[in-house]
Amino acid sequence: MPTTITTAEDGFPATGRLASVDYGTVRIGVAICDPDWILASPLEVHPVSTLEKDAQYFIDLAKSERIAAWVVGLPIHCDGGESDKSKESRKFAAWLKETTGLPTRLFDERFTTVAANAKIRQGKTTRKKTKQRVDAVAAQVLLESFLEACRYRGELAGHCLEDSTSDESLDDA
């Protein structure tokens, strides 16, 4: 029997098409899922540009793909600690929410790039193609992990942007 997940207090929906983002300062991988949260697919890799062009890209993407909410990867160390990259991802997630007006959650992205590389290698693609697709496939792995965590827990996974988890450790560094 499927578990029913309810909408979170932060407005993150329990159904609807989600997009996950594997944030990077050069490239941003994007994946999407169906409205029933069953299947996640890599969509594309967006080359980072100006703030204005990036904002327009995400606004247009949200509209054209009918996205209900975003899941942004949060890089966490194996020991559970955060880094400067984590802080950048949190800042990007807040910007994405503000820019598109859509609910946004952070989700642990540990090992997504490793898993993405393994997935791509199984497809026997060239090294050049692998490099071009890895960020989108990493976003797919992130979204699959998020969806599976939601099903397993019976509630939304990840963290609201307002959660201050590990922020104090960053400030002390």
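## Confidence

What pLDDT does the protein average, and what share of the residues score at least 70? The average is 82, and 73% of the residues reach at least 70. The model is predicted.

Helix α1, residues 51–64, has the highest mean, at 98. Helix α5, residues 167–172, has the lowest, at 35. Over residues 164–173, pLDDT stays under 50. For that stretch the model has 11 contacts beyond four places in sequence.

## Nonpolar cores

The largest nonpolar core has 21 residues. V21, F58, W70 and F92 have the most contacts inside this core. Two or more residues come from each of these elements: strands β1 (17–22), β2 (27–33) and β4 (67–74), and helices α1 and α2 (84–100). In soluble globular proteins, nonpolar side chains tend to be buried together.

Another core lies apart from the largest one. That core has 18 residues, including C33, W37, V71 and A139.

## E65 in its loop

E65 sits in the loop between α1 and β4. Is E65 buried or exposed? Its relative accessibility is 18%, and the cut-off for buried is under 20%, so E65 counts as buried.

Which residues does E65 touch, not counting those up to four places away in sequence? They are R17, I32 and L43.

Technical notes: Residues numbered from 1 in each chain as written. Predicted model: local features only at pLDDT ≥ 70, side-chain atom pairs only at ≥ 80, totals over all residues. Heavy atoms only, no water. pLDDT = per-residue confidence, 0-100. Helix = DSSP H or I, 4+ residues; strand = E, 2+ residues; numbered from the N terminus. Contact = heavy atoms within 4.5 Å. Core = buried A, V, L, I, M, F, W, Y, C linked by side-chain atoms within 4.5 Å. Buried < 20%, exposed > 50% of the residue type's maximum accessible area, 1.4 Å probe, protein only.
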